[in-house]
Structure formats: C-alpha cells, structure tokens
Amino acid sequence: MKIAVISDIHGNYDALAEVLKKAKAEHVQHLLILGDLVGYYYHPDKVLEALSQWSYDIVKGNHEYILEDVIENPSISESIRLKYGSGHNLALEKLSATALDFLKNLPETKTVQFDKLSMLMSHGSPWANDFYIYPDCDLEVAKRCDSKTHDFVLIGHSHYAFSIKNEHSVLINPGSVGQSRQKGGRASWCIINTENGCFQMMSTDYNVDKLLKEVAKTDKDIEYLTAVLIRN
C-alpha cells in the first residue's frame, strides 16, 4: 500500500490539487496529513472538500490553534493578518461551524499502523506542536525524535523537506504543500510504501499565477506572501 504524507497546505488549493493528482497517478490509497490546513492563503474550504474525497488520518497544526485564538479574541484578527495573511479570517468566513469544530478537535499527535509499519504523526515535533525542526538541526534534537515503538516519526511545520535515519526510527518532514520555503511554485510531500518501508520524497510543480493575483488583491501589503511563492 502507498500512503502520501502531506503537511502545511495553508489554504493553497492550487498546490494541493496538483499533489492529489500526482498521488492518484502514483496509486496512493491513503493520506497522512500533519496539520496547518489553514493560514496564509485563501481556500481552506476547497482544501477540506478535496481531502474529503480521500481516506486519511490527520493531526492538528499550530495554525489551527491560531484560528481558535482569532475565534476567541476577534480583536487580534488584524495583527494575525499582518503576520500570516488573511487565511485565518477567510477560514472563519468560508468554513461551516461543523468544519471549524472538526479542526478544533483534531489530536496533536496520532499513531497509525499500516501492514507492519507503525508511524507517529505530529506537527512541529512529538513533544511540542510549535517546535521547529530543520534539516540542519542539532544531533540531540534529531535523537529526541527517535522512537523505539515506531518505524517512522512524521513532522511538518518548518516547511523544509528532509529525512534523518535515527537508531530506531526514520524522522521525515515532507515539507510544505502550500508554502515551500525551499522553492516557490513547488509542493513538497512524501510517499511511503507500507509493504517494504521504502519512502520517496516528492516535489510537484504548480502554477502560482492565480495565487499571486489573489495575494495582490487581498494582502498586497504583506510582501512575504508573494516573495515565498516565487523564491528560487
């Protein structure tokens, strides 16, 4: 069985659509989603609808927590927009109460089993939702992610794709589908074959033109939202 590991979609439906198209072509049967469906960009409703067509497991990202903060304290919505774009505010406009409740009640971590492989899903790290782990992390940080009870430890959050072979398990960050910080217009994700434990880091190009126009219309005062989409 092939499963796709995806993370940090951030309302970028155009990127997700290309990833799911490629996943279907690769005969992927199940998705593991590591959080941050919302934030930055503008179509969380389309993201949830697209994912609903698949079998999946999912955990909560830090931007789902930020969304909760905006719900509980609307006075912070503009400061959140200036930092992360209009994605959270648009999520409140576009998502139903049922969808918002679904995001609120997601678990922070989850263990899943496929064939003989056990995988631990988390967003930032197994011990903290908002902890950043990068490809050049200290050895002690990588070792802290090692698990004696899982074959794979899956994390997102940093938007950088990498894998590290620890003593007992493999640490994988699939990178970001919706906002790669390595190269603009390229969605990063991963495929794991549960029959043999092999994995492949995937990189799928998508057209950023439509999203760039949306940024110019919605958040033209936030230069980062454009810069990261065209980064070389």
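Helix 3 and helix 5 lie roughly perpendicular to each other, a word used for angles of 65 to 115 degrees. This is a predicted model, in which local features need pLDDT of at least 70, side-chain atom pairs count only at pLDDT 80 or more, and totals for chains, interfaces and linings use all residues. Residues are numbered from 1 along each chain as its sequence is written, and side-chain values use heavy atoms, with hydrogens and water left out.

Let's stay with that helix pair. Two packed helices are described by the angle between their axes and the distance between the axes. Here the axes come within 10 Å and cross at roughly 70°; they are lines fitted to C-alpha atoms over the stretch in contact, with angles from 0 to 180 degrees between N-to-C directions. The crossing of helix 3 past helix 5 is right-handed, so the near helix is turned clockwise from the far one by less than a right angle. On the helix 3 side, H63, I66, L67, V70 and I71 meet H88, N89, A91 and L92 of helix 5; contact means heavy atoms within 4.5 Å.

Helices here are DSSP runs (H or I, at least four residues), as are strands (E, at least two), numbered from the N terminus.

| Helix | Residues |
|---|---|
| helix 3 | 62-72 |
| helix 5 | 87-94 |
| helix 8 | 209-218 |
| helix 9 | 223-227 |

In helix 4 itself (residues 77-84), I80, R81 and Y84 are buried, meaning under 20% relative accessible area with a 1.4 Å probe, protein chains only. These residues sit on the same side of helix 4 because they cover an arc of only 105° around the axis, taken from the directions from the helix axis to the C-beta atoms. Just after helix 4, G85 has a positive phi of about 85°.

Inside the order, strand 6 (residues 152-154) and strand 8 (residues 170-174) run parallel and are joined by 3 bridges. V153 has L171 in strand 8 as its bridge partner.

S147 lies between helix 7 (139-144) and strand 6, and it counts as buried because its relative accessibility is 10%.

Technical notes. Buried < 20%, exposed > 50% of the residue type's maximum accessible area, 1.4 Å probe, protein only. Pairing = 2+ DSSP bridges. Parallel < 35°, antiparallel > 145°, perpendicular 65-115°, else oblique.
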